[in-house]
Amino acid sequence: MTETSSLYQHIPVDPLTGAISTPIYQTSTFVQEAPGKHKGFDYSRSNNPTRQTLENLIAKLENGARGFAFASGLAAIDTVIKLLEYGDEIVAVDDIYGGAFRLFTHIYKKFGIHVRYVDTSRSQNVADALTEKTKLIWLESPTNPTLKVSNIREIAQIAKANNVLLCVDNTFASPVSQRPIELGADIVVHSATKYLAGHSDLIAGLVVTANEELGDKIKFIQNASGSILGPFDSWLCIRGIETLALRVKQHSANAQKVAEFLENQDWVNRVYYPGLSSHKNYDVAADQQKYFGGVISFDLKIDDKELASQIVQKTQLFHLAESLGGVKSLICLPCEMTHKSTPSDIRYQAGVTDSLIRLSVGLEDADDLIQDLESAFEVVKEKEALTF
Ligand SMILES: *Cc1c(COP(=O)(O)O)cnc(C)c1O
């Protein structure tokens, strides 16, 4: 597994000055000695030294061949989809990130790409959904917000046997917990906005390919379409990754405590966290993940939007916001925020009830976080005169 010491070896000291922090090469172009004769950099859309350090770093962390940095997680996803052609099909996890669903439905449908959504936590569903036109399997594990886990190794075997590419969105686990390429995936994508950058201070996306051939194709699209990450944000992302291993370990330890607390509350209905033995795919998660991450979802015994809405407004340490993976804890109400545009019957099918609350557990003291949730609920309980 990725340990901090080996991680640091992949952030080289600047050969020109010895600067221990990667220099920010804030430049658009590079002076050439003679036409076409340069030091490996000619224009920053094609290649930039700061971005290249980040790209090499993520390739190493995911144990892949090549890495690429983009302006957002969605730009990274968009680049992978551009590997496909008119008429191709994708089989995707039904609990897919909303932004990816929007991209597939409202952009790529126009270009003749069809997506089939299945419950990938049962691998056979993936095998059953493949057709001759399927060129790509799209997984997220764990998913958002119900932390559904899919068996990446098993699905990679299905992909190989059918000559289909497997791409895993590894945003929730991070390479510290889970390395899909080692489990057989061809491509990994990240919203580096979340755990990799880790401080809720930038938007970025990453792609890693398992081999050079796919790397060349992604490189071509990256340069041709141009949705690259700038030098300063690349630098921020590198700085975030320097503490990734420590953060993920602590996020996970804190989340485990909070999840166990929630599971024992009489006002809580279900708790979704892959580190709980009650989780549907606990065994698979324990096999393919080193840590279980910092995201927890739960819903209430009284499935009431108003009650849930009051709770998320009463917490002091958990700030009410979308997103996840930063050092500060966040709380959100998916039905009114991330999943507002999802029709309620589809939402309920996915387990996203009116009272489902999602937590991104940060790096504060776990006992303080538990206290915060307890107090928020007490306030609401008094006001509503609730009894259990
Ligand atoms: C946030 C997120 C994305 C999109 O990333 P952006 O950086 O916001 O564009 C994609 N996948 C998952 C799982 C995410 O959580």
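1. Glutamate 33 is exposed, at 58%. Lysine 37 is partly exposed, at 48%. The two form a salt bridge, with the closest N and O atoms 3.0 Å apart. A salt bridge here is a side-chain nitrogen of Lys or Arg within 4 Å of a carboxyl oxygen of Asp or Glu.

2. A word on the source: this is a predicted model, where local features need pLDDT of at least 70, side-chain atom pairs count only at pLDDT 80 or more, and totals for chains, interfaces and linings use all residues. Residues are numbered from 1 along each chain as its sequence is written, and side-chain values use heavy atoms, with hydrogens and water left out.

3. The protein has two parts, domain 1 (3-241) and domain 2 (244-384). Their bounds come from an automatic or database domain assignment. The C-alpha centres of the two domains lie 27 Å apart.

4. Interface size is often given as the accessible area lost when the parts come together. Between domain 1 and domain 2, about 2800 Å² is buried, and carbon and sulfur atoms give 57% of that. The figure is the loss of accessible area (1.4 Å probe) summed over both parts. In residues, 33 of domain 1 are in contact with 34 of domain 2, contact meaning heavy atoms within 4.5 Å.

5. The rule finds one salt bridge across this interface. Arginine 153 and aspartate 287 meet in a salt bridge at 3.1 Å, N to O. Helix H6 (152-161), helix H7 (174-177) and helix H9 (231-241) each supply at least two residues of the side of domain 1 that touches domain 2. H7 gives the largest share, four residues. Helices are DSSP runs (H or I) of at least four residues, strands (E) of at least two, numbered from the N terminus.

6. Elsewhere, lysine 82 and aspartate 78 meet in a salt bridge at 2.8 Å, N to O. Lysine 82 is partly exposed, at 35%. Aspartate 78 counts as buried, at 15%. Arg66, Glu212 and Asp216 are linked in a network of salt bridges. The structure holds 14 salt bridges.

7. Where is serine 200 found? Serine 200 is in the loop between strand S6 (187-191) and strand S7 (205-209). Serine 200 is exposed, at 51% relative accessible area. Leucine 183 is 17 residues from serine 200 in sequence and 29 Å away in space, C-alpha to C-alpha.

Conventions: Buried < 20%, exposed > 50% of the residue type's maximum accessible area, 1.4 Å probe, protein only. Buried area = accessible area lost by both parts, 1.4 Å probe.
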